[in-house]
Amino acid sequence: MSEGYAHENELVSAESNLYDRAMDVGIALSITTFVVGMITFADGVSLAATGMELVTFFGILLGVVAGGVGIVAVFSYTNVVPITSQRVRGVALGLLVSLVGLAVAAAALPVSLATMLGLVMIVEAGLLVAAGAGSRFGFVETDPSMSAGLLAGIVFGLLGAAIGAVIVASFPGVPGVIAGVPLWALGGLLFGVGFVVLTVSPREDIGSTVPPALIIGILGATIATAVIGVGWQWTPENLSGGFTGGSVIPVFVLFGSLLSSWSAAKCRADFGARGRQYGAFFVINLNAFLMVAIMAAIVVFVAVKGIGWAFHDFSIGALSLLVVLAPLLVLTVQRARAPAGTDEWHSAARQFFRVLPLAAVGSFAAMLLGIIVTGTPFEIPYQYAILVDRSTVMLDTAFRVTPSLAVGNLLVIVSGTLLFTYFLRRYGSLRDVGIEYERLSPVRQAVPAVIGLLVLLSLVFVGIGPAPGGIPIGPTVGLGLATLGAIVVAALVLAPLGALLTGEGSLAERAHENAQLLNVGLFSGVALLFAVIVLEWTAVSNPQLGPLAPVPTVALLAALVSICLAAFAARARRSTDDTLRHRVLGEEVTLALTAAAGFVTLIGLHVAATSETAFAVGPVEVAIHGSLSWPTVLQGAIPLGQAPGGIYPAIVGTIWIVIGASLFAVPLGLGAAVFLTEYAEQGRFTEVVETATNALWSTPSIVFGLFGAAFLIPRLGNSLSLLAAQLTLAFMLLPLVVITSREAIKSVPDEYRDASAALGVDRWTTIRSVVIPAAMPGVVTGVILGVGRIAGETAPLILVLGSEINATNAIDVLGGFAFTTSPPFITNEALLNSSAALPTQVWGIITAGVSGSTSKGWATAFMLLVVVLSFYAVGIIARTYFRRKINYE
Amino acid sequence: MNNQIGDTDTDTDTNVSTDTSTDSQLGATTGVETSTTTTAGESEEQIRDEWTDYRFDSPAKLSVEDLNVWYGDDHALKDVSMEIPEESVTALIGPSGCGKSTYLRCLNRMNDRIKAARIDGSVELDGMEIYDPNTNLVELRKRIGMVFQSPNPFPKSIRDNISYGPRKHGEINKGLLARLFGRDDSEKEAELVERSLRQAALWDEVNDRLDDNALGLSGGQQQRLCIARCLAVDPEVILMDEPASALDPIATSKIEDLVTDLAEDYTVVIVTHNMQQAARISDQTAVFLTGGELVEYDDTDKIFENPESQRVEDYITGKFG
Amino acid sequence: MLSSVTAEVQDAILGEDPSEGALRTVGLSVLSLVASLLCIFLAPGFALPVLAAFVVVTAFGWRTHQAEIARLLTLVATILTVLTVTLITVYLFFSAFPAFTAHGIDLLTIPILESGPQWFFWLDFVLPTGETIWNPRAGVYSLIPLIWATVIVTTIAGLIAAPLGVLGALFIAEVASDRLREAIKPGVEILAGIPSIVYGFIGFKVLNGFIQKSFLDDGASFLIAGLVVGIMALPTVVSVSEDALSSVPDAMRDGSAAMGATSWQSMKSISVPAASSGISAAIILGLGRAIGETMAVAAILGAVVQPTVPLFDMFDASSTLTSAIAHNYGSATESTLDVLFVAGVMLFVIVAGMSVISQYVERRINRKLQGQQ
């Protein structure tokens, strides 16, 4: 039976330390040369660099690598992130060794970087030959196959043929043609066959080391002997371009190091099946690394180029920044609160990483507080180039954080709403906890009724206007009711505080008993005050009691009281051991924090509702115009000005295009997907529709542009228009919505439908209450990703929307609606006009030639990238979230 | 859950004839529970070392010492030590989630493929440690073959399925290069295919369609093909992870006969959910119970007729499953 | 005959056994919708009000006969979607028709250079030749330079995207650990999300300068355009082939590993062959993306339409089919527009055809894995 086993393998292979370490260094050396090759390609360092410059370069590289390896080594040694693989350790060590070696060589040898790279390649070739020979003659124990294989043979044959052809062709003094055959072709053929034989016929250890070593050696020698030097140039007669040393040497180095890393990896894993695996995985890993590097490089590059313009004259008050930071602070606190680890100290190290984000955000917040207290602004001045009258001018500008205490109401609303929803989601329930006071239930019933009444009144004012027939009913009624409402809210919120501070028993007991008071008081307070603010808005009233505005004052008071309540409850919670009480008090803390966030949001809403006035307490104020100044995002272009202005119109245009396209495509696509999957019989028809939608999704976007320009524009007033752009992109989005929705609906298991049908539920109800909720995550994430793609789409837009680059005014879609007496009775001029958009603006700058401002182009590209990538980020996060939720992770 | 025993007792008595149905019912209930809680109906007791101390005359083929496995924070296998004799059938039985499949996968280091798994302890094959950092996994898995719960033939022809292993190990060379150098092993391959298929009792059914796609075979044939595929590499030990659980009774009995035959030349370790099967085909039986503990290990007759552990007795009589 | 048709229509719209009231509600809703559709084509001014009437009728129907109205709405959505698809296709062909009749085969004129007609794979014996090949003023158009430019750019892009993409997919599907996969998959998606105009701007501002310095080129070049388009097509290849590789059951990999094969051997002999149709579909789709890519190519290659001399000069530059449309549409005359529509139809047919082929190829993988080959 076992005749087939020519060589009996050992289960546990012997260690051969020297050979393994040498090959690890070989691999590391190849990686190093690869990276250096990439750096030279990107002009990070000159190929002609010598002496001190070169030593510095390698020194920097060594520093970076030593730092990285050192950190990982420390974590591995302390068992935080243990790295057990001998190969990884070996390569890490090899990286350090080879970089030290290169730095020393750079100091010792008077050669340029190019020559040195050539020499390194020759060394690598030598190492490979030594390893192959060592294995062949039995100095090291390996496990080679009979042959390196046909694939390797073909690859090396082709490479050999190319090299042979070039060598023969560039040899001076040889006749070009012999017997009608060009000599380079003969040379190539000869070399090619030679390499194939050399690869295929010997055992694997020779076949997969010597041929690559020859190729690497030849390439290295060409560079090292300066046959192809830094200043080398070659322009073939026919081609429009040519080759320089600056481009050919890096290509040689990249290629050679790729080859040598593959071969060295094979040697390291003792050839055979495992050797081929390590070699192949090495190339695969390197490729993945390259892909990630390219992606990161693109994003970072655009950011670096565009960020200067994008943040010119940016300034923000420290308090505003703190408001923005608040949700982040809460999140990081939450992360840091995770359960403590075991006694082992590396678990403490892991704990440290949990706290790190909090420390970062916290110290930033502390810095902002410092700015407020000391009153000194924080400034990063910088310069960037703008275009004035087609000539470049350097502009001095700065990024500022001012000690201003004014906060824009929008920031307050956004930040407050985020916190409110966050706490509300964490809040469970306080039902049937504590004492149910007799006088509480009428309040419980009265508050919704009052709110309903206020909302009804607001609707009336919306209908008849605040001052019908010139009589100011609205302001008068609003004045009275709003003031009254504010007083009631104050009472509602103060009641639990009073109950908590007075009364019998310990703080914890009082807090527990008064849970209902807290519950009713805080929630009713938020809801009632919200209704009051809606009334203020519709009735156009802003009650003032002397210098005091009751509504925001009460909101502020309520927010402070809520925070006090939260603090008391938290303190009480610490002092109690009772599990149930502990939980109840925990809920109370969350409730109080929810209310606090809600009341703060209401201050912002009040300012928005009463528009003209700011709400100020001492130096702190919440106003329509806060302390944020961001010209790029908040301004249009300034014609003929020295100041660069902004790209507000383009941002608004892009937002409207995305909204319009989604409004059209999402309901239509979703409906079609539901019909095709749930109602239609699966067969020829659905298959054809599916194939067609797939085909349409991959159709070039410019074709949609052609269609839009030729079909839509003549029917929509014969001019470039926003509406045409929205519809065109909607056509593009439509197939994607259909495809992703169908996928999502299909992936809902049939058992759900059967279970629902078995309960006697009709089809539509099943779809509405079982299928669509289950499919929603997939639909939502698919649509978000699709919308992200649409937001960056350019080609169709330049045909249907034009490419304006210096728009001064944003398009006003909401204000554009107008009723007319003739059909179509409702019109919107804004929709039928052209608008700027981010992607078309970039294109416009490209086509504008010298009059297009490069820095503005980078900034626009950067903002576009930010918009699109945030869509993607939201989509990807949503998908991960839903997936985790489904898997109960 | 213990207080329910009194209620369910009568049920179990009336259901003696339909043993499997009770089994699956109880199996379903335990499946829902997390492994940290006790299984339904399991009584508390201390495991004694002598229950698992099984002596035999021949040298041990595999010897396992203090094997522990964690999946993340889940301790799936606790301090298992057992020695497996050569050329015999060893059955591993126990309720779902007791770690018997995990244990089986440790014997040829298939658990290496699960990234979250952490393994501690020692497994020796013929006295050679397989958890050595320098272990040659190719060689190890060549010597310890494995057959999985559901048949997993490759989407290739029957012939290619059988010759897959030897070809990967360079025992059989086919293709352009081999023919070029006169090392074409087509004949050897044909021999090997026939021998393996005969050993797996499949030759008569498929010898006229060796070039058909293996996925076209029936479930039982596919599983026997997988066994043949495993035999083609000429292993010393064959691990079987519930090889008949997805098959119908006729296919199952064919596989059982096959296992009995294989024990003459190979060391077979088989995980099974079906106690009758274990009793029928195995020489010795190891019982794993909830929490990943090896509770008792002895001759099959001893385990099924006179177990030492009360829990094992309860399990075997179908009090819980 | 007629009654059976009505019955079928009724069946399609309502499903089985509608009540009398449902019939009336849905009928009214359908009528108003048809009216508004007619209005769009006949009297666009009245379309909006009639559409409003449809909305009102449907809203009332939603309250009374929700199930039927819901079914109707989804059906309407399906019909509109199908109509859109058909409309786009038909209208494109319709718009390209004038140029077809006006120019015919002349649209494929092969340029004459100093030494006679340019060598074009022996096509110069079949196709007409001409001195002027793209001259809108004279009304002479040839799409050959555009097509050839598209071919060169797509080839370079394919040479980059196909191998790198498949290797990347192998990494994600087979090599990477779970945590790494969680990080890299979104990374690839984000790479797909970078708008093409951003690539174009980088190419226009940075890479064109690089090629002028390092490759002694005088300006734009196919090499850079192909490189950029290749990177843009990369995510498509990666994600589609990754899907194909992931759909190969893990049990097969386990089976291979249990026989002592290394992961690389399992990959080569099990996963890749099993997923081969999916991988080829991925490459076809990637090439389709490369052909249809517009903005990056337009930004890098500029607006010039010229024959590539010699044929394989990757340092030359000319508009491709897509970028010619982008550059010329705004300022084009009537007849040029028609020619651009011919280019559009060509793109549409080629890319849609590639998509259909790839879908066909992909469906085979499922059948093969289920053993129904």
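**Helices, strands and cores in a predicted model**

Modeller: In an unreviewed entry, UniProt places the feature "transmembrane region" at residues 33-60, 72-97, 146-170, 190-207, 219-238 and 339-361 of chain C. The model discussed here is predicted.

Biologist: What is the helix content over residues 72-97 of chain C, and how far apart are the end C-alpha atoms?

Modeller: Residues 72-97 of chain C are 100% helix and 0% strand, with 37 Å between the end C-alpha atoms. For residues 190-207 of chain C the figures are 89% helix and 0% strand, and the end C-alpha atoms are 21 Å apart.

Biologist: Which residues of chain C does the annotation "domain: ABC transmembrane type-1" cover?

Modeller: That UniProt annotation, also from an unreviewed entry, covers residues 147-358 of chain C. Over this range the chain is 79% helix and 0% strand, and 22 Å separate the end C-alpha atoms.

Biologist: How many domains does the domain assignment of chain C give, and where do they lie?

Modeller: The assignment gives domain 1 (2-76), domain 2 (109-138) and domain 3 (143-369). The centres of domain 2 and domain 3 of chain C, taken over C-alpha atoms, are 29 Å apart.

Biologist: How do you know that domain 2 and domain 3 of chain C are in contact?

Modeller: Contact requires heavy atoms within 4.5 Å. Eleven residues of domain 2 of chain C meet that criterion with 15 residues of domain 3 of chain C.

Biologist: What makes β2 and β3 of chain C stand at the edges?

Modeller: The three strands of this open sheet in chain C have the order β2-β1-β3, with mixed pairing. β2 (116-117) and β3 (129-130) each have a single partner strand, so one side of each is left without a neighbour in the sheet.

Biologist: How do you know that strand β1 of chain C pairs with β2(C)?

Modeller: Pairing calls for at least two bridges between the strands. Two bridges join β1 (residues 110-113) of chain C to β2(C), and the strands run antiparallel. In one of the bridges, L113(C) has G116(C) of β2(C) as its partner.

Biologist: Turning to chain A, how many helices and strands are there?

Modeller: Chain A has 29 helices and twelve strands. Its C-alpha atoms fill a box of roughly 110 × 75 × 70 Å along the principal axes. Of its 889 residues, 49% count as buried.

Biologist: Which strands of chain A does β7(A) pair with, and in what sense, parallel or antiparallel?

Modeller: Strand β5 (residues 315-317) and strand β7 (residues 391-402) of chain A pair in the parallel sense over three bridges, with G317(A) facing T402(A) as a bridge partner. Strand β6 (residues 378-388) of chain A is joined to β7(A) by eleven bridges in the antiparallel sense; there, I386(A) is the bridge partner of V393(A).

Biologist: What makes β6(A) and β7(A) a hairpin?

Modeller: The two strands form a hairpin with two residues between them, and D389(A) in the turn has a positive phi of about 50°.

Biologist: Why is T728(A) called buried?

Modeller: Buried means under 20% relative accessible area. T728(A) has a relative accessible area of 1%, and is therefore buried. T728(A) belongs to helix α24 (residues 722-746) of chain A. Leaving out residues up to four places away in sequence, T728(A) touches F704(A), G705(A), G708(A), L712(A), P796(A) and V800(A).

Biologist: Why is L497(A) called buried?

Modeller: The cut-off is again under 20%. The relative accessible area of L497(A) is 14%, so L497(A) counts as buried. This residue lies in helix α15 (residues 473-501) of chain A. Apart from neighbours within four places in sequence, L497(A) is in contact with V561(A), C564(A), L565(A) and F568(A).

Biologist: Which residues of the largest nonpolar core touch the most other members?

Modeller: Among its 293 residues, they are F58(A), F599(A), V198(C), Y199(C) and Y329(C). The largest share of this core, 16 residues, comes from α24(A). Another core, of 46 residues, lies apart from it, with A214(B), M275(B), I281(B) and I316(B) among its members.

Note on methods. Residues are numbered from 1 along each chain as its sequence is written. Chains are lettered from A and ligands numbered from 1 in the order in which they are written. This is a predicted model: local features need pLDDT of at least 70, side-chain atom pairs count only at pLDDT 80 or more; totals for chains, interfaces and linings use all residues. Side-chain values use heavy atoms; hydrogens and water are left out. UniProt positions are given in the numbering used here, feature names are shortened, and annotations may be inferred rather than shown by experiment. Helices (H or I, at least four residues) and strands (E, at least two) are DSSP runs, numbered from the N terminus. Buried means under 20% relative accessible area, exposed over 50%, partly exposed in between (1.4 Å probe, protein chains only). A nonpolar core is a set of buried Ala, Val, Leu, Ile, Met, Phe, Trp, Tyr and Cys residues joined through side-chain atoms within 4.5 Å. Domain bounds come from an automatic or database domain assignment.
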